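This report covers a ligand site, aromatic pairs and a surface patch. The sequence and structure come before the details.

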Amino acid sequence: MSNTDLILDPPTIRERTGDVLARTPTGLLIDGTWRDSSDGGTFPVENPATGEVIATMASATRRDSQAAMDAAAEAQESWARTSSRSRSEILRRAFDLVQDRADDLALLMTLEMGKPLPEALGEVKYGGEFLRWFSEEAVRDYGRYSEAPEGDLRMLVSRKPVGPCLLITPWNFPLAMATRKIAPAVAAGCTMVLKPARLTPLTSQYFAQIMIDAGLPAGVLNVVSSASASAVSEPILADPRLRKVSFTGSTPVGKHLMKLATDNVLRTSMELGGNGPLIVFEDADIDKAVAGAMAAKMRNMGEACTAANRLLVHESVADEFVAKLAAKMSALTVGDGTDEGTDVGPLIEARARDAVEEFVLDAVRQGATVVVGGSRIDGPGYFFQPTLLTHVPRNARVVREEIFGPVAPVVTFSTEDEAVELANSTEYGLASYVFTENISRGLRIGDRIEFGLLGLNVGVISNAAAPFGGVKQSGIGREGGAEGIAEYTTIQYIGIENPWAGPPPR
Ligand code: NAD
């Protein structure tokens, strides 16, 4: 029998799962080595589609987080002295390794977070782009040299790395939320302690190993997963050697961290919650609006800070929009994200599924109509049906709060002023979406709407080259774009004596 006669079945998901989990570090990354927790403590990681424990992680203690901070502080000076070209090349190698290992990363994300594999691969692409983008930005750091208006000084203005950073990431985009912080910090020359979300540490652990494989020196990136977020973050935030905290997560936790950050007057970047409106005007292309709403609402099971939380639809087109959206939503397949054909995976945990159910029950109690779905799906796993609600009162919780689930409430309006007022009537200001074929109207809404991001006739706008971030209680600072690296630098001004002072030249 020749080799060509030997036909092997592709490895099954079960075999690939065992293999990738066996290759994913479960320890703490401190000063370039993976190690156990100082008290031997661990915590489990669950697959939300099955409820099974898939990994046991070392759980960092206060002592471990201090050791991580020590390593970051120790590495800072020599790391800041490396050339921007060498930092750029580490990021570029990391980008290539992410491409090579895309299947592993996607599978890990699906296993620990639940999103369907094709969406997980989409996140690998998106998350990887931050490595490529900041490898390019790393060497584009321009300063300025000028003369003071009085002529008695020369002025040299340059950017320096801000210093050691604490990075805290959420569970909903386990790779992209980490690369969006790590890549610009590496590009700028900062050292880091990363605290991934307790529910999804595996992707970050695997990615940290990629950074080591790409040549990142010991101590530059330290990773401390833990069952206790405060045990890890509080000693670091109190350490006078820390210079910055960058957080992505919920608004209440962000506010708490901002308070802790005041003691040492830390630089802060806060990417917080959202309550995004998606406005469909009477002059919209309705098919385009439905496609945009599907993307903005259903991506990541609705567990996205950029989700279109509320669908605000002009009363004259509401029937057509709802009928077309209902057809699309009821055609979605809910299931385990590793199964082929799954469109909608589980929610992250039982508590999240229960909270989504409570939003729907509250809306129905207040008079909303369930057009599609409306219920939880029996376990194992934490599934909820894609749900479309109409006649939703404006004070229902589903309209006022971040849903973080596959539930789309439709609210109608009759004038542009009313749409703007409805859209802005929230303490949040992250993502918003507008569908209109009138470009002047679209840009006018851009002027009037209080959101950091606006999608005009599109449902997905995130891009590594764009400045991502919110206003109001959705946060402070921007990630991605040219702005993203500035968050990790500080400005130094050097005043220089006038070279023309003293004896005149001969
Ligand atoms: P979360 O606030 O519960 O947790 C986020 C991270 O903070 C996790 O790592 C968690 O362990 C940690 N944390 C929790 N309490 C802490 C404490 N006391 N001290 C230090 N760290 C603490 O948020 P989540 O449920 O993981 O993520 C969902 C939220 O994140 C949503 O509100 C969503 O809108 C937001 N989010 C925002 C963006 C953005 O870019 N603006 C992106 C993704 C998610």
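Why does Ile-494 count as partly exposed? The relative accessibility of Ile-494 is 38%, and partly exposed residues fall between the cut-offs of 20% for buried and 50% for exposed, so Ile-494 belongs to the partly exposed class. The model is predicted.

Ile-494 sits in strand E22, which spans residues 489-497. Together with Tyr-145 and Leu-156, Ile-494 makes up a nonpolar patch on the surface. The accessible area of these three residues together is about 270 Å².

Tyr-493 is also found in strand E22. With 42% relative accessibility, Tyr-493 counts as partly exposed. In sequence, Tyr-493 and Leu-156 are 337 residues apart, yet their C-alpha atoms are 5.7 Å apart in space.

## Ligand surroundings

The ligand is surrounded by 28 residues. The closest of them are Thr-169, Trp-171, Arg-180, Ser-250 and Glu-402.

Ser-250 places a side-chain N or O atom 2.6 Å from an oxygen atom of the ligand. An N or O atom in the side chain of Ser-233 is 3.3 Å from a nitrogen atom of the ligand. Leu-272 takes part through its backbone, where an N or O atom lies 2.8 Å from a ligand nitrogen atom. On its own, the ligand has 840 Å² of accessible area, and the protein covers 86% of that area.

## Aromatic pairs

How many aromatic pairs does the structure hold? There are three. One of them joins Trp-171 and Phe-404, whose ring centres are 5.7 Å apart. The planes of these two rings stand at 90°, so the pair is edge-to-face. Trp-171 lies in the loop between strand E7 (165-168) and helix H6 (176-188), while Phe-404 lies in the loop between helix H13 (397-400) and strand E18 (407-413). The pair thus links distant parts of the chain, 233 residues apart. Trp-171, which is also among the residues closest to the ligand, has 18% relative accessibility and therefore counts as buried.

Another aromatic pair is formed by Phe-281 and Phe-413, with 5.5 Å from centre to centre and 75° between the planes. This pair is edge-to-face. Phe-281 is in the loop between strand E12 (276-280) and helix H10 (286-298), and Phe-413 is in strand E18. The two residues are 132 residues apart, and their pair links distant parts of the chain. Both Phe-281 and Phe-413 are buried.

How values were computed: Residues numbered from 1 in each chain as written. Predicted model: local features only at pLDDT ≥ 70, side-chain atom pairs only at ≥ 80, totals over all residues. Heavy atoms only, no water. Patch = residues over 30% accessible without salt bridge, like charges linked within 9 Å, V, L, I, M, F, W, Y side chains within 5 Å. Areas by Shrake-Rupley, 256 points an atom, 1.4 Å probe, with all protein chains shown as cover. Salt bridge = Lys/Arg side-chain N within 4 Å of Asp/Glu carboxyl O. Helix = DSSP H or I, 4+ residues; strand = E, 2+ residues; numbered from the N terminus. Buried < 20%, exposed > 50% of the residue type's maximum accessible area, 1.4 Å probe, protein only. Near = heavy atom within 4 Å. Polar contact = N/O pair within 3.5 Å; in protein donor to acceptor, adjacent residues only side chain to side chain. Phe/Tyr/Trp six-rings, centres within 6.5 Å; stacked < 30°, edge-to-face > 60°.
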